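The exercises below are meant to be worked with the sequence and the model side by side. Please try each task before reading its solution.

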Amino acid sequence: MKVRWGLIGCGDIARKRVAPGLAAGKGCELIAVSRARSDLAERFAREFGAPRWYADWREMLTDDEIDAVYVATPVHLHAAQAVAAAEAGKHVLCEKPMALNVSECDLMVESCKRNHTTLGVAYYRHFYPAIERLKEIIASGEIGIPVLAELRAFERFDPAPGADRYWLLENEKAGGGPMMDFGCHRIEILINLFGPPQATRGTVTNAIFSREVEDTATAVLAFKSGMQAIVSVTHAAFEPRDTLDIFGSSGSMHLTVLNEGVLQVRTAAGQRTEELPPHPNLHLPLIEDFAQAILEQRQPRVDGSVGRAVAEVVAQIYQR
């Protein structure tokens, strides 16, 4: 058996990762895509072997041969599209962040529950082998009691008006700047490793760019154990960063480039390096888990409750 997919939205990430995963992933088959321009939708569908394409995503939801949809549109469209899909009896895997706010997340969760459909959110870093290894080492006690975690994500980003990704600078469409866009990934990692934080404080500023959303943000998360975490993100710095460091009472762990998965572990016994690269298609493990969850009638590893938990922390950072 296979899960038959429809893809809503055919942007850059959909082309690079999502569509290949939906077309070739274990237990997956890509049936249709939707994009406002029919000619581009057709071109995209033919590129990935999908037999049908739609200019209107609502029409695609009436396709009885589609079991699940992947929502790969700007954030402000996620809730409406996910709710409509659930009401059409389709399972929903939604791009991150899940929605503009917690209330929209609740609508999505409630609609999928009411319509007996599965809801997942595309926090694909949940499936990184390096993240799984961090959990194992923390549970083993090798680095002692975790004391402090630091995550940095710096990506220079200043698109011109009219560019494909310019919507990420429009608050009503994106809901925020780098903290909303890729800071949410780091928050999901922290929740995965340590559970939901008990308290969160955030600061958002515009250090360089004058725009509707912040270009720089930091957040401090406090956990039940007493451990704290600092998340720093920016669109403004010249030098890129993608780091994760965890300091414990007896050792530490370091991913100099999170997306590469080279892990350094330091304790009194010495230092070692473990190479734990993610899958070449970062989205594929997430997509395959979601498809198997449907076929096995279980919850996906990254379900709507995870997306909502991240949205709650983000809301506290922005003090909404």
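Helices (H or I, at least four residues) and strands (E, at least two) are DSSP runs, numbered from the N terminus. The model is a predicted one, in which local features need pLDDT of at least 70 and side-chain atom pairs count only at pLDDT 80 or more, while totals for chains, interfaces and linings use all residues. Residues are numbered from 1 along each chain as its sequence is written, and side-chain values use heavy atoms, with hydrogens and water left out.

**Exercise 1. Describe the overall build of the protein.**

Step one is the inventory of secondary structure, which comes to 10 helices and 14 strands.

Step two is the extent: the C-alpha trace spans about 60 × 45 × 35 Å along its principal axes. The radius of gyration, taken over C-alpha atoms, is compared with a globule rule of 2.2 Å times the number of residues to the power 0.38. For 320 residues a compact globule would have a value near 20 Å, and the protein, with 20 Å, agrees with this.

Step three concerns burial, where buried means under 20% relative accessible area, exposed over 50%, and partly exposed in between (1.4 Å probe, protein chains only). By this criterion, 55% of the 320 residues are buried.

Step four turns to contacts, defined by heavy atoms within 4.5 Å: among those between residues at least 6 apart in sequence, 66% join residues at least 24 apart.

**Exercise 2. Find the aromatic pairs and classify two of them.**

The criterion comes first: rings of Phe, Tyr and Trp (its six-membered ring) pair if their centres lie within 6.5 Å, and planes under 30 degrees apart count as stacked, over 60 as edge-to-face and the rest as tilted. A search of the whole structure with this rule returns 4 aromatic pairs.

One of them is formed by Trp5 and Phe290, whose ring centres are 5.7 Å apart and whose planes stand at 40 degrees, so this pair is tilted. The pair links distant parts of the chain, since Trp5 sits in strand 1 (residues 3–8) and Phe290 in helix 9 (residues 284–296), 285 residues apart. Trp5 counts as buried because its relative accessibility is 0%, and Phe290 likewise counts as buried, at 1%.

For Tyr124 and Tyr128, the centres are 6.3 Å apart and the planes again make 40 degrees, so that this pair is tilted. Both Tyr124 and Tyr128 are buried.
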